[in-house]
Amino acid sequence: MKSLKARLNYRFRKHLAMDKPSSSSGGNRLSRSTSICKNPAILRRQLASQEFQFPATATATATATVATTRQRLFWGSRRMSTAVKDDKSKPDSNAAGKKKPAASSRQSNFTQTERNRSQRKMSVRSTRCNSVAPTALVSRENMTQTPAGCRRPEDLTARCSATHEGRKLLQERLMVRVDALFNMLFSASPFLQSFHERRRSTDLQMGAWTRNAGGENQRTVSMTVALQANVGPKIAKVTETQTMLECSEPGQLYAIDVRSVNAEIPYADTFVVLMHFCLKATVEEHTDVLIFAQIQFLKSVWAVVKAFIEKNTYAGLEEFCQALYSALLIEIRKK
């Protein structure tokens, strides 16, 4: 340690001696400042020697030396004054988080310009954020929600007067208006004609709706249908009498009874097929479809024959209803 201190004292002794204050006139003072400006390494060496000589007070001494040197130079004093003013202008957060008032309201032009720019940027950003948020909120509040349906339950007052007897063949809800569905099933519509063509039905004849003696709308439809039974005839002639019940009301309900008479098949004169179509509108502008069927025997037959007729007839009716429902779904999706 002694050798290290000795070396440092010997190395920086000359520089420290040159930096000692002199009692001479102002010329010596100017020469000292000039020498320091020409050789700034002197100041660094001086600081280093002081750190090694006085470790406890190295920081304070270095700060004092730098301040003294800056005061000697005219540009250092100007920068120092600006820095001191800026430090004083900053608020001091001490006890209870209270900010001290600025010591001087005077600021440099550079500092004022930078603060003005930052304030402009902040104002622009805040204006943009405030202009977007209320617009989004207002647009959400003004969004109109699509109602579930255009009708109220009180508007649908029509009720079907049929007893709905027999076997239920179909109960589904179709996404189509009741009037459109009625025209597809009970008029000379392209859908009904193409449906019978796919089922290989021929000689299709559909009459118009007319008033019967009881004051109800009625029409007659005849065709030749293809049978899918493995045993027996392959075709059968069917004549349908379609009657619209008085409880039917356009836009709400269509109740239609269908009486089918078969021909050119065994025991055709012993029974008839009674079907009931119930098309009821819903509040969502959809249609509930109900189809019931029953077999009415006109003559007494053996129990074995009766069971055979019921089995094959119901099987054919169920297959017909499922095919009709599938065709309706395809047709509705096209629209």
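The count of disulfides here comes to 0, where a disulfide is a pair of cysteine sulfur atoms within 2.5 Å. This is a predicted model, in which local features need pLDDT of at least 70 and side-chain atom pairs count only at pLDDT 80 or more, while totals for chains, interfaces and linings use all residues. Residues are numbered from 1 along each chain as its sequence is written, and side-chain values use heavy atoms, with hydrogens and water left out.

Cys247 is buried, with a relative accessible area of 16%; buried means under 20% relative accessible area, with exposed over 50% and partly exposed in between (1.4 Å probe, protein chains only). Cys321 is buried as well, at 0% relative accessibility.

**Cores**

Let's turn to the nonpolar packing. A nonpolar core is a set of buried Ala, Val, Leu, Ile, Met, Phe, Trp, Tyr and Cys residues joined through side-chain atoms within 4.5 Å. The largest one has 37 residues, and those touching the most other members are Leu174, Leu181, Ile256, Met275, Leu279, Ile291 and Leu328. At least two residues of this core come from each of β1, α7 (178-185), α8, β6, β7, β8 and α9. Helices (H or I, at least four residues) and strands (E, at least two) are DSSP runs, numbered from the N terminus. With 10 residues, α9 provides the largest share of this core.

Met275 shows what such packing looks like. Leaving aside residues up to four places away in sequence, Met275 touches Leu169, Ile256, Asp257, Val258, Ile291, Phe292, Ala293, Leu317 and Cys321, a contact being heavy atoms within 4.5 Å. A second, separate core of 8 residues includes Ala158, Leu253, Ala255 and Leu290.

**Pockets and the cavity**

On a 1 Å grid over the protein atoms alone, a cavity is a set of points where a 1.4 Å probe fits but cannot get out; a pocket is an open set with protein on both sides within 12 Å along at least five of seven lines; and lining residues have an atom within 4 Å of a point. Grid points are joined across faces, edges and corners, and a volume is the space filled by probe spheres set on the points.

| Space | Volume |
|---|---|
| Largest pocket | about 1,300 Å³ |
| Second largest pocket | about 210 Å³ |
| Largest cavity | about 40 Å³ |

The largest pocket has 47 lining residues, with Val225, Leu227, Thr313, Gly316 and Leu317 nearest its centre. Helix α9 gives the most to this lining, with 12 residues. By class, the lining of the largest pocket has 31 nonpolar, 11 polar and 5 charged residues; Ala, Val, Leu, Ile, Met, Phe, Trp, Tyr, Cys and Pro count as nonpolar, Asp, Glu, Lys and Arg as charged, and the others, Gly among them, as polar.

Around the second largest pocket there are 15 lining residues, and Asp257, Leu274, Met275, His276 and Gln294 lie nearest its centre. Two or more residues of its lining come from each of β5, β6, β7 and β8 (287-297). This lining divides into 6 nonpolar, 6 polar and 3 charged residues.

The structure holds 1 cavity of 30 Å³ or more. Leu170, Leu174, Leu185, Phe277, Val289, Ile291, Leu324, Tyr325 and Leu328 line the largest cavity, and by class these are 9 nonpolar, no polar and no charged. Here too α9 gives the most, with 3 residues.
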